[in-house]
Amino acid sequence: MESMGKSLGSTLTSVAGLSVPPEALKDIQHDYMKQATELWNRSLEKPEQIKAGDRRFDAPEWGSSPVNAFMASMYLLNARTLQKLADNLQGNAKARQRVRFAVQQWADAASPSNFLAFNPEALKKAVDTKGESLQQGLQHLMNDLRQGHMSQTDESVFEVGKNVATTAGTVVFENPYFQLIEYAPLTPQVHEVPFLFVPPCINKYYILDLQPDNSVVRYLLSQGHRVFMISWVNPDDSLAQSTWDDYVEQGVMKAIDVTLDVAGTNKANMLGFCVGGTMLACALSTLAAQGKKPAASLTLLTSFLDFSDTGIMDVFVDEAMVRMREMTMGPTSPQCGGLMKGTDLAATFSFLRPNDLVWNYVVGNYLKGEMPPAFDLLYWNSDSTNLPGPFYTWYLRNTYLENKLREPNAVKVCGVPLDLRRLDMPTFIYGSREDHIVPWGGAYESTKIVQGPKTFVLGASGHIAGVINPPEKKKRSYWTSSNLARGLPATAQEWMATAQENPGSWWPVWAEWLGKQAGAKVPAPKQPGNKRHQPIEAAPGRYVLRKA
């Protein structure tokens with residue numbers, strides 16, 4: 001409690017100590033008055049020339065009325081000015097970041113497009129539909145309140161196992177933490193080294209198997225790999241006291257054991273996505289300390305091992321916040337645990353990009369009464385999962401707050417001092433250029449920790465859209481560097497200076513690299529599982545269907 005109080009006091013003191021230099025303040029005020037005067041004069045003399053220049057105000061109704069165009073333009077000027085003031089603050093770096101974030105949140109929320117009375121497009125639609133759009137909007141609001149989250153897509157279009165997560169496979173193992181899916185081969189021969197996916201337990205696994213034309217799982221199967229997937233359970237109160245060690249030992253390590261046993265090998269290629277990569281790295285390092293090295297290769301997709309650069313997520317994490325979570329749902333809380341609700345986590349992630357993931361749907365769903373279009377990725381995004389409190393609080397403290405995983409022997413996992421330098425297998429590291437959850441510079445820091453041969457590739461777009469980029473769609477681009485005679489550069493910026501942009505998907509580059517780690521081709525198995533691990537049920541299994 002004392003440390004929490006000190007942290008709160010320190011935070012308030014830091015914020016109170018921020019100030020804008022007088023000269024900068026004077027320039028901002030002068031610039032604001034100049035632009036406001038010009039905008040006012042234009043509204044009187046040539047109102048038809050006023051253009052807001054923001055996609056929130058693209059509808060013709062905003063430009064057809066000088067009053068609406070002036071209101072939108074004035075709002076944008078006010079928002080820019082507030083952001084300039086926040087950007088010019090001097091003082092504690094974290095306090096400045098928090099103020100900038102708060103100002104951006106307020107500015108986005110205050111947009112006139114978010115309010116029915118000020119949104120000419122929504123008002124016109126209400127008149128044209130004789131109020132039906134408002135009735136539909138109210139229905140959408142009531143439905144969202146009942147389901148506990150804002151609809152970002154038409155969720156009625158999708159059903160797990162019917163038109164998402166449809167790749168054929170079989171659950172061959174389950175325990176309270178996960179089911180292990182073995183996918184049916186798509187080729188008569190497969191690589192002798194199997195492949196294991198470790199997805200994040202913060203969301204459902206099927207981001208890697210959305211639909212046939214964008215499924216990473218199906219792509220690997222088509223490349224002749226024998227693929228296994230962890231499907232984490234959506235925890236309920238029975239797992240509310242589960243720890244990080246439980247998930248590493250009973251989850252990742254157990255999945256590795258079963259994969260190797262079913263495939264009849266002593267090595268597997270492995271991939272960890274987001275926090276799944278952090279968990280997989282902890283598991284492999286702990287196993288290495290025990291003299292076991294089951295990974296033929298490691299792929300880290302938008303994952304942190306070093307949490308020095310966590311981007312906007314750093315705004316949320318300090319001693320007071322972590323201590324509060326520990327007191328309410330950590331192992332030392334009155335109930336010795338609890339659940340971090342998936343809906344709360346989803347809301348936090350959405351407000352990292354509020355215009356795209358919050359206010360856009362407020363306007364469309366509620367003010368205009370429209371159903372958002374069907375989009376598999378956003379359906380997955382809304383299918384949130386809970387987290388056990390002890391797991392969650394250990395993760396917060398030892399990664400985001402204290403960044404201990406990068407320090408050899410600074411923390412124990414499964415009773416073993418953790419040293420990620422034991423990761424000496426060939427490693428493929430991927431970052432997404434516009435990732436706001438794992439900034440690509442933070443993903444690049446993993447190149448300094450793993451000790452084996454390593455490859456780094458940077459993809460366009462964000463945390464999910466950058467990863468799910470099938471080659472057939474010929475979208476986006478990626479960066480590679482061939483000028484690496486002396487190994488990877490020390491910093492992400494130095495690497496970027498040597499990199500070349502390539503059109504299309506990064507998947508074929510990864511597939512070529514992975515093929516070199518996967519061994520010879522052998523006849524594909526005719527049946528899933530083995531004598532010790534018999535088929536339990538068809539994929540996607542029961543666990544992925546459990547709602548938060």
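E370 and K125 form a salt bridge in this predicted model, with their closest N and O atoms 3.0 Å apart. E370 sits in the loop between α13 and α14 (376-382) and K125 in helix α6 (residues 120-128), so the bridge ties together parts that are 245 residues apart in sequence. Both ends are partly exposed: E370 has a relative accessible area of 32%, and K125 is at 26%. In total the structure holds 26 salt bridges and 32 aromatic pairs.

**Other salt bridges**

- D318 and R98 meet through their side chains in a salt bridge, at 2.8 Å from N to O. This pair links distant parts of the chain, with D318 in the loop between β7 (295-301) and α11 (319-329) and R98 in helix α5 (residues 93-109), 220 residues apart.
- Are D318 and R98 buried or exposed? D318 counts as buried because its relative accessibility, 12%, is under the 20% limit. R98 is buried as well, with a relative accessible area of 17%.
- D236 forms a salt bridge with R546, and the closest N and O atoms are 3.4 Å apart. The two residues are 310 residues apart: D236 is in the loop between β5 (227-232) and α9 (244-263), while R546 is in the segment after β17 (537-538).
- D236 is partly exposed, with a relative accessible area of 32%, and R546 also counts as partly exposed, at 34%.
- A network of salt bridges links E319, R323, E326, R397, E402 and K404.

**Aromatic pairs**

- Among the aromatic pairs is that of W244 and F391, which is stacked, with 5.1 Å from centre to centre and 25° between the planes. W244 lies in helix α9 and F391 in helix α15 (residues 389-401), so the pair ties together parts that are 147 residues apart in sequence. Both residues, W244 and F391, are buried.
- Why does the pair of Y430 and W506 count as stacked? The ring centres of Y430 and W506 are 4.3 Å apart and their planes stand at 25°, and planes under 30 degrees apart count as stacked.
- Y430 belongs to strand β12 (residues 427-432), and W506 to the loop between β15 (500-503) and α18 (507-515); the pair links distant parts of the chain, 76 residues apart. Y430 is buried, with a relative accessible area of 0%, and W506 counts as buried at 2%.
- W244 and F391 also belong to one aromatic cluster, whose other members are F173, Y177, F178, W232, Y247, F304, F307, W394, Y395 and Y400.

**Surroundings of A86**

- A86 has its place in helix α4 (residues 66-87) and counts as buried, at 3% relative accessibility.
- Leaving aside neighbours within four places in sequence, A86 is in contact with V99, R100 and V103.
- The C-alpha atoms of A86 and A102 are separated by 9.4 Å, and the two residues are 16 residues apart along the chain.

**Second largest pocket**

- The volume of the second largest pocket is about 430 Å³.
- Its lining comprises 23 residues, and N360, Y361, V363, G364 and K368 are those that lie nearest the centre of the pocket.
- Which helix gives the largest share of the lining of the second largest pocket? Helix α13 (residues 354-367) does, with 7 residues.
- By residue class, the lining of the second largest pocket divides into 9 nonpolar, 8 polar and 6 charged residues.

Definitions and conventions:
Residues are numbered from 1 along each chain as its sequence is written. This is a predicted model: local features need pLDDT of at least 70, side-chain atom pairs count only at pLDDT 80 or more; totals for chains, interfaces and linings use all residues. Side-chain values use heavy atoms; hydrogens and water are left out. On a 1 Å grid over the protein atoms alone, a cavity is a set of points where a 1.4 Å probe fits but cannot get out, and a pocket is an open set with protein on both sides within 12 Å along at least five of seven lines; lining residues have an atom within 4 Å of a point. Grid points are joined across faces, edges and corners, and a volume is the space filled by probe spheres set on the points. Helices (H or I, at least four residues) and strands (E, at least two) are DSSP runs, numbered from the N terminus. Ala, Val, Leu, Ile, Met, Phe, Trp, Tyr, Cys and Pro count as nonpolar, Asp, Glu, Lys and Arg as charged, and the others, Gly among them, as polar. A salt bridge is a side-chain nitrogen of Lys or Arg within 4 Å of a carboxyl oxygen of Asp or Glu. Buried means under 20% relative accessible area, exposed over 50%, partly exposed in between (1.4 Å probe, protein chains only). Contact means heavy atoms within 4.5 Å. Rings of Phe, Tyr and Trp (its six-membered ring) pair if their centres lie within 6.5 Å; planes under 30 degrees apart count as stacked, over 60 as edge-to-face and the rest as tilted.
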